[in-house]
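Here is a short report on a protein model. Look at the sequence and structure first, then read on.

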Amino acid sequence: MLIGEVARRSGVSARMLRHYESLGLLRPSGRTGSGYREYSGDDIRRIFHIESLRSLGLSLREIGRALDDPGFTPSALVDDLIRQTRERIAAETELLTRLRRIDAAEPADWEDVLQIVVSLQALGSKSAAARQRAALSSADEIPVEALVEAVLRETEPNVAGALRWALARSGDGGTALLAQGLGSPVAAVRERAVRSLAELPGDEATARLRDALTDADGVVRGHAALALGTRGVADAVPALVDLIVEGRNDTDAADALSLLAGDTSTADRIAARLVDRLTHDTTEAPARVRLTQALADIPGRTASDALVELSGDGDRAVALTAAYLLRLRDAG
């Protein structure tokens, strides 16, 4: 079979077939009387083998080794091809993400495009200072999706604060993306999502914070409760009382409880919750003092009656604290 017929049947151009021949990959079995290349059935099969290996990403040099070296084993090469393919997919995915973010920012001209690229690069810098500057100085130029991704992975407190500030200025788009972060299997990521949601206004952010009250991690629940307390959401009361018992952000938790105790009914429920934990057998002495102190700013008869009873408590620290708070209430 002559080269033209081979090219037509195999789909490999005559020029490429000659290139294979020049590299020693392919050697036509014969020549016609006029000197034209003539390919046998085995030559045709070799052409298809070459094209099959090319489709896997092998270089022509690697194909030559694979076809001609009897001792060649494919496993190591295939493993290397898998690694290279994964790296290429990751790079392409990163590029696609960057292009989508640039498109979402709706740049007016190439100057805008370049500025967005610079901001995104700074946001991904290894330097915490560079990331913080990017968040503070380029907040309006960074797409919301990029800000959310950055804040969910950021471990430096100052940078995280700057990113939350930038995200709060970006509008409503970040709430749904942060809600996805609440589904992360990593508690630290969920905590970052909650702390970011706490700085976003609106009913949607409040709803997502309510969801976080049932999180398996106490730190995540605590941050959600503190944020909800300042928003007047009474569902946060149990988690706020837990913070006081555990001694984590207990002062902030007590302040949030006092904000929630705006009406008599809610104030009495809060006081009853605090008293319930005070009388719990497993509540340790330091926690009982903190719970007693939390009653200070809870108005109403239930809190006052509880302080009267606690002023005679067997724990001297609790009794003295309750007596002191009663004097303050009477003076007020």
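## R131 and its surroundings

In this predicted model, the side chain of R131 reaches the backbone oxygen of K126 at 3.3 Å. R131 lies in helix α7, residues 128-137. Helices are DSSP runs of H or I with at least four residues, numbered from the N terminus.

R131 is buried, with a relative accessible area of 13% (buried means under 20%, with a 1.4 Å probe and protein chains only). Leaving out residues up to four places away in sequence, R131 touches A122, L123, S125, K126, E154, E156 and V159 (contact means heavy atoms within 4.5 Å).

## A239 in helix α14

A239 is found in helix α14, residues 237-246. A239 is buried, with a relative accessible area of 13%. Beyond four places in sequence, A239 touches L213, R221 and A225. A239 and G229 are 10 residues apart in sequence and 9.9 Å apart in space, C-alpha to C-alpha.

## The cavity

The lining of the largest cavity includes A239 and R221. α14 gives the most to this lining, with four residues. The lining residues divide into two nonpolar, two polar and four charged (Ala, Val, Leu, Ile, Met, Phe, Trp, Tyr, Cys and Pro count as nonpolar, Asp, Glu, Lys and Arg as charged, and the others, Gly among them, as polar). A cavity is a set of points on a 1 Å grid over the protein atoms alone where a 1.4 Å probe fits but cannot get out; lining residues have an atom within 4 Å of a point.

## Basis

Residues are numbered from 1 along each chain as its sequence is written, and side-chain values use heavy atoms, without hydrogens and water. Local features need pLDDT of at least 70, side-chain atom pairs count only at pLDDT 80 or more, and totals for chains, interfaces and linings use all residues.

Note on methods. Helix = DSSP H or I, 4+ residues; strand = E, 2+ residues; numbered from the N terminus. Buried < 20%, exposed > 50% of the residue type's maximum accessible area, 1.4 Å probe, protein only. Polar contact = N/O pair within 3.5 Å; in protein donor to acceptor, adjacent residues only side chain to side chain. 1 Å grid on protein atoms, 1.4 Å probe; cavity = no way out; pocket = protein on both sides within 12 Å on 5 of 7 lines; lining within 4 Å.
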